[in-house]
There are 2 protein chains.
Amino acid sequence: MYLKIKKSGENVKNHIGKQSIILRNKPSIISTYSTVGPKEGAGPLGKYFNSVLNDDMDGQMSYEMAESHISHTTIMKCINGVGLEDKDIDYICGGDLLNQLTATTFASRDFDIPLIGLYGACSTMTLALCVASILIDGGYGSYAIAEASSHFSSAERQFRAPLEMGGQRSPTAQWTVTGSGAMLLGMGNGHPKVTHVTFGQVKDFGEKDPTNMGGAMAPAAVHTIKTHFEDTGFLPKDYDIIATGDLGIVGRKITEEMLLDLGYDVRDIYMDCGESIFDIEDQKVNCGGSGAGCSAVVASSYLYEKLKNKTVKRILLVSTGALLSTTTSLQGESIPGIAHAITIESED
Amino acid sequence: MYLKIKKSGENVKNHIGKQSIILRNKPSIISTYSTVGPKEGAGPLGKYFNSVLNDDMDGQMSYEMAESHISHTTIMKCINGVGLEDKDIDYICGGDLLNQLTATTFASRDFDIPLIGLYGACSTMTLALCVASILIDGGYGSYAIAEASSHFSSAERQFRAPLEMGGQRSPTAQWTVTGSGAMLLGMGNGHPKVTHVTFGQVKDFGEKDPTNMGGAMAPAAVHTIKTHFEDTGFLPKDYDIIATGDLGIVGRKITEEMLLDLGYDVRDIYMDCGESIFDIEDQKVNCGGSGAGCSAVVASSYLYEKLKNKTVKRILLVSTGALLSTTTSLQGESIPGIAHAITIESED
């Protein structure tokens, strides 16, 4: 039913509708690993993470090197967890928020694994999962890592202000998650499987407030979810969970309402990783969590666990990114958003 | 002969050797477009570029928005050049050097095309070509754009110092190319074709001088070229041109010598895009050109032209990236390098 093959072009067999792909070989997520900081570990999903750090410096000399070290350890443990070594892995598909992607590139320099560096701001985890899934589905490799990370302290001083300043946070601000989530994709049975991918377009509805990124990203999330439904034929009832990346309270509400206006009632099955990872009142995170690590760690732990033990059958993960820089905001530009989506099913 | 299929894994048919892929459907590069600044236009390859700007501000209010505008125009003209529109295109695979990839993301916001944001520093053009080729080869889309850009003035103030300061340049420094190069991939006959891909690993040999990026990137280029030969069975004699991205004079010499030590004599067929794009003495660019736009514009114009008119039969394009940021250099870190390679053949 949802296998309408696009007509134009000569070599199209896996591209469906406008922006989606059907993965006919259904790559498996054969291993995951998640590392988070102390604050994330103390949140409602704390028990699901593989590793909770006592100190978010992780034994390093700077926040940036700490983020890189967390990524490196997470990737290594994800690989070793199923008895493999780095030389068995064909690709690392990954990214982060630091200027010039250095958390990921420095994390990769001690591995003998080719790196496909990706940037989709906080949508990077699904972007990485989409690319990794395609590489496995098409026989372009045996194993691929999808990974993304962020770090509260490296993000805060790069994007906002020195921590030492102790500046007041806007009511719509979100708290960047310290953490890295990794998934290892390959072929094989007995694991959750990736079945569909919807790559997102850049959408800019004119939001200019860099402390309201949920509002800036919501239209991109809505566009991708709507297009996913149209392309694949899936409806909200076909999903047990639709999880956006890090829209927070404000962005989540906008998304829910905009989808309802379009005729898609997702309220019973919708969660936002940024809203779920912290206890929003007690942990004083204003609108919730954010950062490329946010949906990465929630998907690699809590959501993967639910698929693995078959509590849920089908999940749509829609990580969401705000495509700003400090330069574009200072130059008065608005904030474009992007969202990439991926369908993951528990094994029948 | 070079079709040794990797043994491990269950779904491996297109992955060969350690890091390479054979593209059995041979995606075509059906259109290219290149835009450069006035200095690049005055260089030895000036006549090959599609568009030479009179003013590198390109009518915009900032260098950053100029770079974005140049990218947008280049992508649009690449698509329109073969009578297509943005809605016909399934992917933009692209990136740039600006913090948070804003040249590319802002260039993409006016297109109805999904964006796969990529970061490989100055290796981004081959990274984009590799990903775009796989998407077309595997039937994951009909048309994909591969694009990369850089801008002397946006790079200079982001990575080095304000232009107004007029600082002295190191003898090993390179001149960031102002320009964007785009290639449109799809299936079809009568065009140069992509046949093999070698994704690169991150290699760090401890170089710490951010004004000697050629030296930092050379070991990564050597590792990728050597692995490409081993994986595919190709030898230097099978290529008419091997073009590295932007190693400049110093990096090019190191690469040539290291490859000779490994038993690969590439001297007769080797060029570096960064060395070729400027008249190094007359244009006062010290060690040559650099930037993600460098190999992008040279490949999209001069090299594509040679393939198109069959002056050459087979080219290996090896864009090279220095994976540093101002933060990592200030923190005393060395500069990891990466290089991705792609084989392009003129049609038989």
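A: With how axes are defined: an axis is a line fitted to C-alpha atoms, for helices over the stretch in contact, and angles run from 0 to 180 degrees between N-to-C directions. Note that this is a predicted model.

Q: How is a pair of packed helices described?

A: Two packed helices are described by the angle between their axes and the distance between the axes. In chain A, the axes of helix H2 (residues 63-80) and helix H5 (residues 152-160) come within 8 Å and cross at roughly 135°. H2(A) and H5(A) are therefore oblique to each other. The crossing of H2(A) past H5(A) is left-handed.

Q: Which residues make the contact of H2(A) with H5(A)?

A: H2(A) contributes A:Tyr63, A:Glu64 and A:Glu67, while H5(A) contributes A:Ser153, A:Ser154 and A:Arg157. One of these residues is nonpolar, two are polar and three are charged.

Q: How is chain A divided into domains?

A: Chain A has domain 1 (27-186) and domain 2 (193-345). Their centres, taken over C-alpha atoms, are separated by 18 Å. In the contact, domain 1 of chain A supplies 54 residues and domain 2 of chain A supplies 52 residues.

Q: Through what surface do the copies meet?

A: Of the interface residues of chain B, 100% are also interface residues in chain A, so the copies meet through the same surface.

Definitions and conventions:
Residues are numbered from 1 along each chain as its sequence is written. Chains are lettered from A and ligands numbered from 1 in the order in which they are written. This is a predicted model: local features need pLDDT of at least 70, side-chain atom pairs count only at pLDDT 80 or more; totals for chains, interfaces and linings use all residues. Side-chain values use heavy atoms; hydrogens and water are left out. Helices (H or I, at least four residues) and strands (E, at least two) are DSSP runs, numbered from the N terminus. Angles under 35 degrees count as roughly parallel, over 145 as roughly antiparallel, 65 to 115 as roughly perpendicular and the rest as oblique. A crossing is left-handed if the near helix is turned anticlockwise from the far one by less than a right angle, and right-handed if clockwise. Contact means heavy atoms within 4.5 Å. Ala, Val, Leu, Ile, Met, Phe, Trp, Tyr, Cys and Pro count as nonpolar, Asp, Glu, Lys and Arg as charged, and the others, Gly among them, as polar. Domain bounds come from an automatic or database domain assignment.
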